[in-house]
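Let's walk through this protein together, from its overall layout down to single residues. Keep the picture open while you read.

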Amino acid sequence: MTALDTWSVAEAKARLSELLDTVGRDGPQTISRRGHPVAVVVSVDEWERRKRRRGTLAEFLATAPVGNEDLILEREKGGRVREVDL
């Protein structure tokens, strides 16, 4: 984000209406406290778009970039085996 995208807490409070207009027009805006980013203001449309679920966990895992072809699982020698009642 550029300096134009960052508002101090005092600026954001004093110019809230302008901040909201800027969010709607230019996108997410950062609010900083003592020079450190603490929050991002986004439009409702942007928030809804970002939080929308895309597929199921199974679909995500099936398409994950790291497959299990290099995964080697070994049981520790001498490890205890737990019995499970089914």
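## The overall layout

Start at the N terminus and the elements run β-α-α-β-β-α-α. That comes to four helices and three strands; here helices (H or I, at least four residues) and strands (E, at least two) are DSSP runs, numbered from the N terminus. One thing to keep in mind is that this is a predicted model, where local features need pLDDT of at least 70 and side-chain atom pairs count only at pLDDT 80 or more, while totals for chains, interfaces and linings use all residues. Residues are numbered from 1 along each chain as its sequence is written, and side-chain values use heavy atoms, with hydrogens and water left out.

How much of the protein is buried? Of its 86 residues, 14% count as buried, meaning under 20% relative accessible area, whereas exposed means over 50% and partly exposed lies in between (1.4 Å probe, protein chains only).

## The sheet

The three strands make an open sheet in the order β1-β2-β3, with mixed pairing. β1 and β3 are the edge strands, each pairing on one side only. Two strands count as paired if DSSP finds at least two bridges between them. In general, strands of a sheet pair through backbone hydrogen bonds, either parallel or antiparallel.

Look at β1 (residues 6-8) first: three bridges join it to β2, and the two run parallel. Thr 6 stands opposite Thr 30 in β2, and Ser 8 has Ser 32 as its bridge partner. On to β3 (residues 36-41), which pairs with β2 in the antiparallel sense over five bridges. There, Arg 33 stands opposite His 36. The hairpin of β2 and β3 has two residues between the strands, and Arg 34 takes a positive phi near 55° in it.

## What covers the sheet

Is β2 mostly covered or mostly open? Strand β2 (residues 29-33) is mostly covered, with four of its five residues buried. Helix α2 (residues 16-26) lies across β1, β2 and β3, and runs at about 140° to β2. For such angles, axes are lines fitted to C-alpha atoms, for helices over the stretch in contact (heavy atoms within 4.5 Å), and angles run from 0 to 180 degrees between N-to-C directions.

## Out on the surface

Now find helix α4 (residues 57-62), the place of Leu 57. Leu 57 is exposed, with a relative accessible area of 61%.
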